[in-house]
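Take a look at the sequence and the model below. This report visits a few residues and their surroundings.

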Amino acid sequence: MSLSPAPAVDLGAALSRRAQSMNASAIREILKVTQRPEVISFAGGLPAPELFPIEEVRAAANTVLDRYGPAALQYSTTEGHPPLREWLAAQAGIPAANVQIMTGSQQGLDLLGKVLIDEGDTVLVEAPTYLGALQSFQPYLPRYVQLPTDDGGIDVEALEEVLKTTPAKLLYAVPNFQNPTGRTLSAERRRRLVELTAQYGVLVIEDDPYGQLRFTGEPAPSLYSLGLALHGDPDRNHVIYSSSFSKTLVPGLRDAWVQAAAPIMTKLIQAKQGADLHTPTFNQMIVAELVQEVLPRQIERVRQAYGERARFMLERIQADFPPEVAYTTPQGGMFLWLTLPQGVDTAALLPAAVERRVAYVPGSPFYALGGGENTLRLSYTSATPAQIETGIHALGDLLRGAL
């Protein structure tokens, strides 16, 4: 029996408003173009694979299987593997009940957006800010307000003026070695930001995947710890902390966590149940085996390597780039930020860079409300010294021609 032709269905129209508001990651799209082996890519913020502790992970996996047997491969609780949560809680001086394990910090941002943002809520973000956060929050249809930044991070005087006139729901910030600029929010500004947001009733999401990767300068207190000191109780803290083992240990295990007050944590757990039930049990157990001894050694190894690569890239930029190009000097993390004279479009220059076998990320996608066409981001983490020298020289030639 043959079927009659079905009427055409407008599949695009069937998509929800949230789905229609989603955008592809500009960085992921650029990475597709730069997969050719001859292209030196400073585009992706990828940890250096040659630094991965492969043998230590292998040994930990065997230990987990020997110790836990089938339980390591079974479903588990949504909140996470208790020994891992307890270790994380001890580092922060809070109860384990205030720690939720996530499948990568990107999931944490997505679920925080889901439980905190209603359509039309005002979300304060740095200009520029982490593109992945914008991508996570956008389906929940917020209204963004950009906060000006400089080498000391968010301009807190400008933040105060915004808060006087804008009923904001939350502020999202990357205070340590920010993605994309590599800048660090100063200790004085951290304290003022926490005080102001508490005064005006604004939640803060502190995204801190790079905080352990400092290779110069003195560490500053986390926004979360300042909020905890201000309120005296983790269940009253208006600062939410998000971090990950992806940049310090290995990214492929996808283990991350969020620290938050009980009312927020309750809804995060429910949201995670709907998303994936729980982060893979086996992966969490492996990480729990590594945090005591392997993680500190790995952090030191990564710090040293990234510090050397950052310094070398800065030396080559100073030697090869035209003087009109300004750049940040990161104290840690994975990125530095270039600002070219107004009128230069770094997105339009990218194809010419790829022709010269070098790639970067144009800066404009990191601005929630547009702008930054004359900026770009470079990552130094996964390039060899020879690649840095060759790639920066090629970019210098390109930029001199553009200027």
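A polar contact is a pair of N or O atoms within 3.5 Å; within protein, one atom must be able to donate a hydrogen and the other to accept it. Keep that in mind for what follows. The model is predicted.

Start with T181. This residue sits in the loop between β6 (170–173) and α9 (187–199). Is T181 buried or exposed? The relative accessibility of T181 is 1%. Buried means under 20% relative accessible area, so T181 counts as buried.

Next, the polar partners of T181. The side chains of T181 and Q178 are joined by a polar contact of 2.6 Å. The side chain of T181 also has a polar atom 3.1 Å from the backbone nitrogen of R183.

T181 and G153 are 28 residues apart along the chain, and their C-alpha atoms are separated by 9.4 Å.

**Two cis peptide bonds**

A cis peptide bond joins A127 and P128. P128 lies in the loop between β3 (122–127) and α7 (131–137).

Another cis bond runs from N179 to P180. P180 is in the loop between β6 and α9. That is also where T181 lies. The table lists both bonds.

| Cis peptide bond | Omega |
|---|---|
| A127 to P128 | about 5 degrees |
| N179 to P180 | near 25 degrees |

**Two residues with positive phi**

Now turn to the backbone angle phi. L141 is not a glycine, yet its phi is positive, at about 60 degrees. L141 belongs to the loop between α7 and β4 (143–150). Is L141 buried or exposed? L141 has 19% relative accessibility, so it counts as buried. The cut-off for buried is under 20%.

R254 is not a glycine either, and has a positive phi of about 55 degrees. Where is R254 found? The answer is the loop between β8 (239–244) and β9 (255–259). The relative accessible area of R254 is 33%. Partly exposed covers the range between the buried limit of 20% and the exposed limit of 50%, so R254 is partly exposed.

Conventions:
Residues are numbered from 1 along each chain as its sequence is written. This is a predicted model: local features need pLDDT of at least 70, side-chain atom pairs count only at pLDDT 80 or more; totals for chains, interfaces and linings use all residues. Side-chain values use heavy atoms; hydrogens and water are left out. Helices (H or I, at least four residues) and strands (E, at least two) are DSSP runs, numbered from the N terminus. Buried means under 20% relative accessible area, exposed over 50%, partly exposed in between (1.4 Å probe, protein chains only).
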